[in-house]
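Please look over the sequence and the 3D structure shown below, and then follow the notes on helix packing, a ligand and the backbone.

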Amino acid sequence: MAGGEEPLLAQRPSSELSNEDNLAEEDALLNNEVRRQPEKRGWGKWREGAIFIWALLATAAVIILAVVYQHESSKKEVTPSPDGKRNLIFMVSDGMGPTSLSMTRSFRQYSEGLPYSNKLVIDQHMIGQSRTRSSSSLVTDSAAGATAFSCGMKSYNGAISVLPDHSPCGTVLEAAKKAGYMTGLVVTTRITDATPACFAAHVNMRSEEDRIAEQLMGEYPLGVVVDLILGGGRCHFLPNGTEGSCRADDKDIVGLAKDKGFHYVDDRAGFDKLKLGDAVSFPLLGLFAAGDIPYEVDRRNENDIYPSLHEMAQTAMAALSAATANNDKGFFLMIEGSRIDHAGHANDPLAQVHEVLEYDKTFASVLEFLEKDSTQGVMVSTSDHETGGLAVARQLSPEYPEYNWFPSVLANGSQSAERLAANYHAHLVTHPKDDMTAYIEKSLEKGLGIYDYEMKEVDLLVDEPAIAAYTFADIVSRRAQTGWSTHGHSAADVNIYASSPKGASPLIGNHENTEVGNFLRDYLDLDLGPVTKELQEKGALFDTTDAKGEKVGWMGRLPDNDERLDGQDHLEHYSGEHKKHKRHAGGCGCASEL
Ligand SMILES: *[C@@H]1O[C@H](CO)[C@@H](O)[C@H](O)[C@H]1NC(C)=O
Ligand SMILES: *[C@@H]1O[C@H](CO)[C@@H](O)[C@H](O)[C@H]1NC(C)=O
Ligand SMILES: [Zn+2]
């Protein structure tokens, strides 16, 4: 870990708080106890009996009323009539927990001078919460998380719409396509990354992104099922040996897509020609970055190179709406704010607030679309999990902690830690002999707006360029007093939002993530069973090769134990992890971004 954490001794000096009442109040809160008033005594026995009977009757009445009410309200649930045309927009804020919202809300209030009553758009649409565990761990990854949404079933970390027995499960998007809906996927990460992949691909390991690219272009048992794709990940579509490729083999997936009739755009000029949806031809493949589209905080300075999430979403909604105008069926569109998660993995609060603000802007544009569109529709938005174990508070010294965090630090910066580190690495290549101190100081001042850096921070950046991204992010986090408990995911419940609580009433309250998937299925009136069956039957006849040209099942290899994200095959059982991990304490602990 960069810097080395200070010990977190929460000993409270007794002199610091003298007010007895406050102390008691706080202890009650900390110990999760309710402070009770002393009970009154001296009631007669007969009176107790009467109260008991009264309580019994009242309870019975409440139960009867509750049953009657529930019966009534279930009749009133707004499930659209089975033959009614409808659109469904499913938004995923990857890695966004409730604390990301608190942080972003306060950041916006601070940077725009708004009152504390000012909310984000998304805040006004919260209807429930989702519990996120996977079949293999209490802490899910995005693959198992998205499989819960796409198939409505729990699977293991790393699974792209395959079940724990490694059989494929039919997805909402596939079933929607078969039922006559048009379909779309819009993301800011690679389109081959776990969340989008789970809707229209099936592989045993999420790392098989080359294979996912082929499947998205119809090279799998169901053929082409996605009508519109906008996002990053171009390098997985270009043959090895050509510029900008990251494929292991020499298959030309862009060529394949064109052969199948896809219209292909790969830059800002091509995106602009789509006229925000007015000039889209289907099917459409738009890949605007070799890998991920840059974080919004960096992208907004490169607006002539990359489109934003809300522009891509608007394009998709307008185009799908127009293309289905005369159809019996509407469309299913998944929109992902993919890189909220990456900012969490990077522990970079500055990058994250801008990702969340862009997601909020996109959320607002979806609401506007639904309001104006003549077809009935619903938008549901949730996260697959929380990332980073974010806390908007951080104890930096052994003394009793301050109750505060500082959005002004985030407001001073204009670049992500990822971008600063990438620039630094590029500078090292072009200036291998230089002392980097002056360069680093300029990065901190110009990129992060931080002037009170310490020499030990600068030295760490100079001496350990490999962990520069983490160090830059940590320098910001410490000053803002934002805390992170991991560079990975956490098991926190995440919020569920909807365009209207009525339209998504089955998701009101606290739910398992699979219930979100079931809602998507039910709203579109789909049956996933036949799709699963078709995948299995046609899949049995479907052989493919791996990068070395060796024959392999169409869903690819099974994960080895060391390729699993959930440790090994034990669930809740602790078996000495603390000791095992201590051995690595000297390393940087750099998690890859998953
Ligand atoms: C591209 O092919 C070369 C030569 O076979 C190989 O060394 C390289 O690893 C391949 N690239 C990727 C991304 O797998
Ligand atoms: C923000 O930047 C200004 C200079 O532009 C600097 O004086 C100030 O100290 C910075 N604020 C924070 C919170 O770092
Ligand atoms: Zn995720």
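Is the crossing of helix 15 and helix 18 left-handed or right-handed? The crossing is right-handed, a term used when the near helix is turned clockwise from the far one by less than a right angle, anticlockwise being left-handed. This is a predicted model, in which local features need pLDDT of at least 70 and side-chain atom pairs count only at pLDDT 80 or more, while totals for chains, interfaces and linings use all residues. Residues are numbered from 1 along each chain as its sequence is written, ligands are numbered from 1 in the order in which they are written, and side-chain values use heavy atoms, leaving out hydrogens and water.

**Helix packing**
- The axes of helix 15 (residues 417-430) and helix 18 (residues 468-480) come within 8 Å and cross at roughly 135°; axes are lines fitted to C-alpha atoms over the stretch in contact, with angles running from 0 to 180 degrees between N-to-C directions.
- Helices are DSSP runs (H or I, at least four residues), and strands are runs of E with at least two, numbered from the N terminus.
- The contact (heavy atoms within 4.5 Å) includes Leu-420 and Tyr-424 of helix 15 and Phe-472 of helix 18.

**Ligand 2**
- An oxygen atom of ligand 2 is 2.4 Å from an N or O atom in the side chain of Asn-412.
- A backbone N or O atom of Gly-449 lies 3.5 Å from an oxygen atom of ligand 2.

**Backbone**
- Most peptide bonds are trans, but the one from Phe-282 to Pro-283 is cis, with omega near -10°.
- Pro-283 lies in the loop between helix 9 (268-272) and strand 6 (284-287).

Terms used
Polar contact = N/O pair within 3.5 Å; in protein donor to acceptor, adjacent residues only side chain to side chain.
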